[in-house]
Amino acid sequence: MTAALLEADSVGVHFGGVVAVADVSLTIAGNGITCIIGPNGAGKSTFFNMLTGTVRPSTGRVLVGGHDITGSRIETFAHRGIARKFQTPSVFERLTVRENLDIARHPAAATAAKTIDLILSLLGLDAVAGTPAGALAHGQKQWLEIGMALATEPKLMLLDEPTAGMGPEETEKTARLVTDLAGRMAIVVIEHDMAFIRALAARTLVMHHGKVVADGSFAEIEGDALVRDIYLGRR
C-alpha cells in the first residue's frame, strides 16, 4: 500500500496556555485540491506552519510519504517536496521575473531554462519575464510567488490566501491556474474569498477555534447551519 503524500495525525500546538490548533488530522493521498476556510484566528495559518516546519507541533505527528518528520527543520519539509506560498507576496523586487524563478528553481533541474519558460507560460508572465518584480501589479506578484513555489518541483503546494488583494478577473484566472496545477500535484489552499473556493469545487475543511468543525464538498459546507452561524458570528 502506497503511503499518503501527507498525513497530519492529531496535530496541535499550544503557545503557553493558548491553544492555537487542537487535534487536527488531515490526509492528502495524491493530486487534487483541498481547501481550508474559517474566520480570522481559526488556526489555519498555524496549521500551515506545522505542515512546513515553521512551527513544531505540541502534540501529534506530521508524516510525508510515510516518513515521520515532526519537528524537522524547514529544509527537510522542502526536500520532501512541500512548497508554500505565503499570504503576502515575497519576491526579490530588484530582480527580474525570470531571475526570481531561477533563484527558486530546484537545484537538480537539468533543463532549467525550459522549466522556467514553461512556468512563465503557465502563469501568463511571458511578456514581463525581463521586468523587475517590483514593477509588477499585485496580482502578478501573487502569480510570480506561485511560480517560485512551482520552480522547486513540489509534490504538494500550500497556498495561503492566493487571491488576497485581487480583483474579480485576477481571481478567476487564479482559480483556473490552481485547478490546472491540481492535475499535476496536490494543493492545499487557505482562502477567505468564498467565490474563489466555490470555483475550485473541492473538498473543504472549516476551522474554528483551532479545530476542524466541518469537512466535505463546498456545496455541503455552504449549506451547513453550523458553518453559517460561525461566519455570522453567532458561535
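These notebook entries record what I looked up in a predicted model of a protein chain.

**Overall form**

I began with the secondary structure and found 9 helices and 10 strands in the protein chain. I then checked the radius of gyration, which is 18 Å; the globule rule gives a close 18 Å for 235 residues, so the chain is as compact as a globular protein of that length. Along the principal axes, the C-alpha atoms fill a box of roughly 50 × 40 × 35 Å.

**Burial, contacts and surface**

I noted that 49% of the 235 residues count as buried. I looked next at contacts between residues at least 6 apart in sequence, and 66% of these join residues at least 24 apart. For the accessible surface I recorded about 11100 Å², with 52% belonging to carbon and sulfur atoms. The charged side chains number 22 positive and 25 negative, and I found the centres of the two sets 3 Å apart.

Between β4 (residues 59-64) and β5 I recorded an antiparallel pairing over 2 bridges. L63 has D68, in β5, as its bridge partner.

**Helix α1**

I asked which residues of α1 are buried. They are K44, T46, F47, F48, N49, M50 and L51. Since 7 of the 8 residues of this helix (residues 44-51) are buried, I describe α1 as largely enclosed by the rest of the structure. After α1 comes G53, and I noted its positive phi, near 85°.

Most residues other than glycine have a negative phi. I therefore looked up D23, a residue other than glycine whose phi is positive, near 55°, in a sentence I set beside the general rule. D23 is found in strand β2. Is D23 buried or exposed? At 57% relative accessibility, D23 counts as exposed, because the cut-off for that class is over 50%.

I then turned to E161, also other than glycine, with a positive phi near 50°. Where is E161 found? E161 is in the loop between β7 (156-160) and α6 (168-181).

Conventions: Residues numbered from 1 in each chain as written. Predicted model: local features only at pLDDT ≥ 70, side-chain atom pairs only at ≥ 80, totals over all residues. Heavy atoms only, no water. Helix = DSSP H or I, 4+ residues; strand = E, 2+ residues; numbered from the N terminus. Rg over C-alpha atoms; globule rule 2.2 N^0.38 Å. Buried < 20%, exposed > 50% of the residue type's maximum accessible area, 1.4 Å probe, protein only. Contact = heavy atoms within 4.5 Å. Areas by Shrake-Rupley, 256 points an atom, 1.4 Å probe, with all protein chains shown as cover. Lys, Arg positive; Asp, Glu negative; His and termini not counted. Charge placed at Lys NZ, Arg CZ, Asp CG, Glu CD. Pairing = 2+ DSSP bridges.
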